[in-house]
Amino acid sequence: MVRIIDDEQVNKLFNNLNKIPAGAVIEKKGGGFNGELTKESYKQILRALLGDADHFDVDRPPVVADLGSGTGKFLFMGAHLYKDAQFRGLEFNEHRHMIAQQFLTSNQVPNKDNIEVHHQDIHDEGTLKLLQKVTHMYSFHHGMRPVDIARMLHLCGQRGIKRIALFSNKVTLLGHCKDAQVGFDVANRLQCEQTFKVRMFAARSCSERTVFIYEIKSKELAGKHLTVNTQGIDSPLKQFARRAFT
Ligand SMILES: C[S@@+](CC[C@H](N)C(=O)[O-])C[C@H]1O[C@@H](n2cnc3c(N)ncnc32)[C@H](O)[C@@H]1O
């Protein structure tokens with residue numbers, strides 16, 4: 001059963017997180033941003049990704065990574081709902097990372113000992129190490145570059161991660177990967193288990209997004225079939241693509 005420990009504490013935490021002025025979370029280094037998922041949306045995604053806590057293997061509880069973890073909302077909600085799981089966030093924007101870190105040390109976050117946040121670009125050295133023992137991956141990759149999305153899938157394969165929550169269908173994923181000049185056939189290696197809609201809010205509007213829960217069927221996602229096609233692309237991107245996938 002999903003554990004509801006103290007909804008009041010989490011409501012207060014999210015009220016405080018939502019008070020952070022939009023300017024404070026606008027990126028300084030890419031990674032666009034134009035709204036926030038609702039509290040209920042995070043709950044929906046976590047339940048779809050992790051299922052029923054009663055089914056966790058007691059010797060190997062889930063370790064969940066958020067790639068591009070922002071101010072930590074997904075991680076905070078995760079640790080609130082799933083007391084026995086571990087949550088790890090990787091975020092490259094220093095300001096957003098600092099906000100997550102400050103909340104984590106402020107005693108507002110339930111079950112905070114089960115959460116780690118790291119100031120890390122997923123393309124940089126050290127990411128694979130941070131994904132050690134990770135069993136599930138989530139990314140709200142809105143605004144991320146195609147090469148970031150391809151990199152995420154590559155990392156999941158390398159680390160043997162089995163279940164992921166993303167905001168793209170297979171056709172778009174494949175498109176992203178092509179745009180990034182990366183030959184990457186996700187079609188037979190990702191099995192979509194579930195899709196559902198979640199809600200987002202911005203200053204003056206509400207909107208919906210579709211979430212896709214995938215099982216990774218084949219370790220070959222790790223790189224055997226991954227080729228970086230650097231033909232015809234400019235040299236900074238060429239260098240970047242090489243760095244991202246080696
Ligand atoms: C739309 S936000 C999602 C925040 C959080 N995961 C959530 O669901 O509320 C995407 C985040 O990814 C971060 N990001 C983009 N590219 C990244 C990269 N290469 N490495 C690490 N973080 C990245 C952005 O700075 C941004 O905070």
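Modeller: Asn107 sits in the loop between H5 and E4, where H marks a helix and E a strand (DSSP runs, H or I of at least four residues for helices and E of at least two for strands, numbered from the N terminus). Bear in mind that this is a predicted model: local features need pLDDT of at least 70, side-chain atom pairs count only at pLDDT 80 or more, and totals for chains, interfaces and linings use all residues. Residue numbers start from 1 along each chain as its sequence is written.

Back to Asn107: its phi is near 65 degrees, a positive value in a residue other than glycine. Asn107 is exposed because it has 9 other C-beta atoms within 10 Å. (The cut-offs: 20 or more other C-beta atoms within 10 Å is buried, 12 or fewer is exposed, in between is partly exposed, with C-beta atoms placed from the backbone.) Further along, Asn111 lies in that H5-to-E4 loop too, and its phi is also positive, near 55 degrees, in a residue other than glycine. Asn111 has 19 other C-beta atoms within 10 Å, so it is partly exposed. What lies across from Asp113, 27 residues apart along the chain? That's Gln86, with 8.7 Å between the two C-alpha atoms.

Now step back into the helix. In H5, the buried residues are Arg96, His97, Ile99, Ala100, Phe103 and Leu104. They're on the same side of H5 because they cover an arc of only 155 degrees around the axis, the arc being that of the directions from the helix axis to the C-beta atoms. The general rule is that an α-helix has 3.6 residues a turn, so residues three or four places apart point the same way. Glu94 and Gln102, on the other side of H5, are exposed. H5 lies across E3 and E4, at about 155 degrees to E4; axes here are lines fitted to C-alpha atoms, for helices over the stretch in contact, with angles from 0 to 180 degrees between N-to-C directions. (Contact means C-beta atoms, placed from the backbone, within 7 Å.)

As for the strands, E3 (residues 86-91) and E4 (residues 115-119) pair in the parallel sense over five bridges, and two strands count as paired if DSSP finds at least two bridges between them. Gly89, for one, has Val117 in E4 as its bridge partner. Getting from E3 to E4, the chain goes through H5 (residues 94-104), and this β-α-β crossover is right-handed: with the strands pointing away from you, the path from the first strand over the helix to the second runs clockwise. E3 also runs parallel to E2 (residues 63-67), joined by five bridges, with Val64 partnered by Phe87 in E3.

Zoom out and you get an open sheet of eight strands with mixed pairing, in the order E1-E8-E9-E6-E5-E2-E3-E4. E4 and E1 (36-37) are its edge strands, each pairing on one side only. On confidence, the protein's mean pLDDT is 83, and 76% of its residues reach 70 or more; pLDDT is the predictor's confidence in each residue, from 0 to 100.

Terms used
Contact = placed C-beta atoms within 7 Å.
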